[in-house]
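Visitor: Please show me the model, and let me ask what stands behind the terms used for it.

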Amino acid sequence: MVHDDFFGPWGRIIIIAVTGVLVFVVLLLIACFFTPGCPGHECIRRRKREAKNKAVHVKNKHNDGVKLNDVSYRSWRLGSLYEDGSNGTINENPTPTERNSWNSASTAEFGCVDASSTLNLVQKDKQKADKKHLEFPTELTISLQYLPPCDEIISGKFVIGIEALSGLPPKQYNCTLEPYVTLNIVKQSWNHRNRQKLHCFRTRSVRHTASPIFKETFVVANVKPQEVKDWILDFAAYDHDRYANDTELSTFKLSLKDAKRVLHSPEIHMFNFRMKASNVEYGNILLGVSYLPTAQRLTINVMKVRDVKFTQVVPSSSDLNPYVRVLMLNGRTGQRIKKKKTKFTIANAQPEFHETLTFDVTYNQLDMVQFLVVLCNKSAPIEMIANSGDAPSDSEDSVSSIRRTKDVSIGKVALGKGVRGSTERLHWFSVLQNPRKLVTVWHVLK
């Protein structure tokens, strides 16, 4: 035979061995491609995954617009944060089917989103108890000293020193803090509404720090020890805002009812207290925001304002003339780029504006730009008429003039990538992920 002549006496054995090796290699390769963990199986899975992602990307190409997804917002699962049609609440733990339906723009659950030009984000009335919030342990350092009267001429004095603050929370938008502390001395009573405010003090503002050092003292003269026992020291830390109202950061109340050690020794007593985080709200505002990629234009629709707490600005609703001012800020430096405002309404505590404010925002500005929405009160001009008498005078006081008072800010909310509020960030990311659609959200004014 041929193989006997070619291979000699070992020809049949060589052919059988080679055939066995080839069959073994083929079986090994087949097992490698079908066994999880083998290189062949992983290579096939990776290629299938890339092909699937490419197909989904092509399918959603009409939603990408000008590739707004590349502005570092891909980690946000916006599909799980929209309103669920079944119960009207936010679903924080979506199933994989829900996430895939959102990413593939299917019409199963979120089909109404693609068919409409408006998206409505809803807010939870109550947050989960197990949800952890970022806390800022603000500490206040003060000093107390009582100097008893020496004789009938020198009366007793109570010295309060505000030494320092530490651990203040950051601003709503990217800008440095400028904190200061206010002190109100209130007389205790059985009803907190009938408490009498005796003295008011305020420290200076310290710029560019979250742990300011004040070292300021305030002296109250003609004080008797029995009067000090009825006092309550009400401390409040504020952040000065040059664009809007000052923000209350934290508060602390100290009763001097049991301060016997301070009253019986003229030494300086130092205290360090933990302040309570403040969450003062001044109402709610409904905002609709949309971005047009082709024109590189962002529009803010100011719709409604509800539940405005205006008592700190005007005594009654008849003097409330609200309007909304929107500031476009540089998120890195905090400088103002542009500002626009709506028309004001007269004596209206529940105003409805329905005005659209337009800003030119390029692709490169989406990462750094921020918008500060401020609810303001329009102050009426005050006529200053001075009678100069019979003799003519060149003084300005003798000329009839109209002086306009400065408008007062009631509350504010910030929108942008680097803002502090979670609802505000979600609103901004939703606008970028859904170009050409108006995203409406109720925001809390602070």
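Visitor: How many bridges join strand β16 to β19, and in which sense do they run?

Guide: Eight bridges join β16 (residues 369-377) to β19, and the two run antiparallel. Strands here are DSSP runs of E with at least two residues, and helices are runs of H or I with at least four residues, numbered from the N terminus. Two strands count as paired if DSSP finds at least two bridges between them. The model is predicted: local features need pLDDT of at least 70, side-chain atom pairs count only at pLDDT 80 or more, and totals for chains, interfaces and linings use all residues. Residues are numbered from 1 along each chain as its sequence is written, and side-chain values use heavy atoms, with hydrogens and water left out.

Visitor: What makes β14 and β19 the edges of their sheet?

Guide: The open sheet has the order β14-β13-β16-β19, with antiparallel pairing. β14 (336-341) and β19 (408-416) each have a single partner strand, so one side of each is left without a neighbour in the sheet.

Visitor: Why is the pair of Y180 and Y238 called stacked?

Guide: Rings of Phe, Tyr and Trp (its six-membered ring) pair if their centres lie within 6.5 Å; planes under 30 degrees apart count as stacked, over 60 as edge-to-face and the rest as tilted. Y180 and Y238 are 5.6 Å centre to centre with 15° between the planes, and the pair is therefore stacked. Y180 lies in strand β4 and Y238 in strand β7, so the pair ties together parts that are 58 residues apart in sequence.

Visitor: What is the pair of F371 and W428 called, stacked or tilted?

Guide: Their centres are 6.0 Å apart and the planes 40°, so the pair is tilted. F371 is in strand β16 and W428 in helix α9, so parts 57 residues apart in sequence are tied together.

Visitor: How do you know that F371 and W428 are buried?

Guide: Buried means under 20% relative accessible area, exposed over 50%, partly exposed in between (1.4 Å probe, protein chains only). F371 has 1% relative accessibility, so F371 counts as buried. W428 has a relative accessible area of 2%, so W428 is buried as well.
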